[in-house]
Amino acid sequence: MVLGLGAVGCGAEKGGGSTAVDAPGAEIAARTAPATTPTGPAQRPLTQDQLERAVVDKRDLPGLEVTRLGSGTDGFGDGTVSALPAEATRPASCAPVGSAVSGGASRYAPLGSVTRMAQTKSGTSTFQLVSYRAADAVRVMDDLRSALATCTTYTVKWPTDTTFEDLRSAGDPHQGDEGVSFRLDVVASSPGGDDDPVRTLQSFQVIRSGSTVAVFSAFDADAHKVKQVPAALVTAQMKVLGTGGHRS
C-alpha cells in the first residue's frame with residue numbers, strides 16, 4: 001500500500017552523523033548544541049513516548065482518522081526508522097532523498113519515530129515523525145536540500161528493483177522552522193517480473209519543527225495525477241509539534 005515503507009531495522013547508517021549507541025544523551029546534546037540549532041522548551045529532542053503523544057488526532061483536526069502502521073516487529077512501525085545504505089541508492093548522492101522516501105529516515109541516528117496513516121475529507125496520506133538531536137535535525141534538512149538540487153533519477157534494488165524518476169521540487173511549505181516538498185514517479189517491477197512495471201506518482205513534504213522532522217506523503221495509482229498531501233493535516237500536525245505535543 002505504501003511504497004515508502006520499505007526501510008527496516010533500527011538506528012541509522014554509520015558515517016557522518018550521530019550513532020545509535022549514544023542516542024540516549026539527547027538532553028545533553030540539546031543543552032550543548034550550537035546557538036543556531038533549536039533549543040527552546042518545545043523544541044528539545046522528543047523521546048519516543050513524547051513523540052507518540054505529539055501525533056495529531058481529532059482534538060486537532062475534527063473528522064481526522066489516524067491509524068498506526070506496523071508493529072515494530074514487521075520491519076516498520078514506531079521506533080524502527082532506518083536509513084537506506086548509501087550504496088543501495090544509485091547514484092549515492094541521491095541517498096538523502098531515498099532515505100526520506102523509504103520511511104522518513106536519514107543517515108543520522110534517530111531518538112524516536114512514529115509512522116501513521118491519516119484519513120481526512122481531502123483523502124488518505126501517510127506520515128512519519130522522527131526525533132533527532134538538535135544539530136542532527138538541521139543536518140537532515142541540509143543534506144536533503146543538497147540532494148534535491150542535483151538528484152533527478154535514482155534506483156533502489158531492494159526490496160524490488162525500483163526506479164524513482166522525474167524528481168522535481170514542488171515549492172517549500174510554509175510550516176515549521178523549514179521545509180521542502182517534491183514529487184517523483186515511482187516505477188517498480190512487478191513481483192513476478194512478467195507484467196508491466198507498476199508506476200505511481202508520489203508527493204512529499206518534509207518539514208522540521210525544532211528537533212523533529214516530519215515527512216508527509218501521498219500517492220495516486222494514476223501516474224497522470226498528483227495526489228496532494230492534505231494541507232489541513234500538515235497544518236494541524238505542525239501545530240501540535242510546535243507546542244511540544246499533547247499533555248495527555
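**Reading the backbone, the core and the aromatic pairs**

Modeller: Let us begin with G104, which counts as buried because its relative accessibility is 4%. Please keep in mind throughout that the model is predicted.

Colleague: With which residues is G104 in contact, leaving aside its neighbours within four places in sequence?

Modeller: The contacts of G104, with those neighbours left aside, are S99, Q128, V130, Y132 and V215. As for V114, ten residues away along the chain, its C-alpha atom is separated from that of G104 by 9.7 Å.

Colleague: Which residues does a cis peptide bond join?

Modeller: The cis bond joins R90 and P91, with omega about 0°. P91 is found in the loop between β2 (89-90) and α3 (95-103).

Colleague: How many of the nine residues of α3 are buried?

Modeller: Eight of the nine are buried, so α3 is largely enclosed by the rest of the structure. The buried residues of α3 are A95, V97, G98, S99, A100, V101, S102 and G103.

Colleague: How many residues does the largest nonpolar core have, and which of them have the most contacts inside it?

Modeller: That core has 29 residues, and V97, V101, Y154, F182, L184, V206 and V213 are those with the most contacts inside it. Two or more residues are given to this core by each of α3, α4 (134-150), β5 (154-156), β6, β7 (178-188), β8 (198-209) and β9 (212-220). Its largest share, five residues, comes from α4.

Colleague: What is V97 in contact with, leaving aside its neighbours within four places in sequence?

Modeller: With those neighbours left aside, V97 is in contact with L144, A147, L148, Y154, L167 and F182. Another core lies apart from the largest one; it has 22 residues, among them L61, L129, F216 and V229.

Colleague: Which quantities describe a pair of aromatic rings?

Modeller: The distance of the centres and the angle of the planes describe such a pair. The structure holds three aromatic pairs. For F127 and F216, the ring centres are 5.8 Å apart and the planes are at 35°, so the pair is tilted. Because F127 lies in strand β4 (residues 123-131) and F216 in strand β9, this pair ties together parts that are 89 residues apart in sequence. Both F127 and F216 are buried.

Colleague: How is the aromatic pair of Y154 and F164 arranged?

Modeller: Y154 and F164 form a stacked pair, at 4.5 Å centre to centre and with 10° between the planes. This pair links distant parts of the chain, with Y154 in strand β5 and F164 in strand β6, ten residues apart. Are these two residues buried or exposed? Y154 and F164 are both buried.

Definitions and conventions. Residues numbered from 1 in each chain as written. Predicted model: local features only at pLDDT ≥ 70, side-chain atom pairs only at ≥ 80, totals over all residues. Heavy atoms only, no water. Helix = DSSP H or I, 4+ residues; strand = E, 2+ residues; numbered from the N terminus. Buried < 20%, exposed > 50% of the residue type's maximum accessible area, 1.4 Å probe, protein only. Core = buried A, V, L, I, M, F, W, Y, C linked by side-chain atoms within 4.5 Å. Contact = heavy atoms within 4.5 Å. Phe/Tyr/Trp six-rings, centres within 6.5 Å; stacked < 30°, edge-to-face > 60°.
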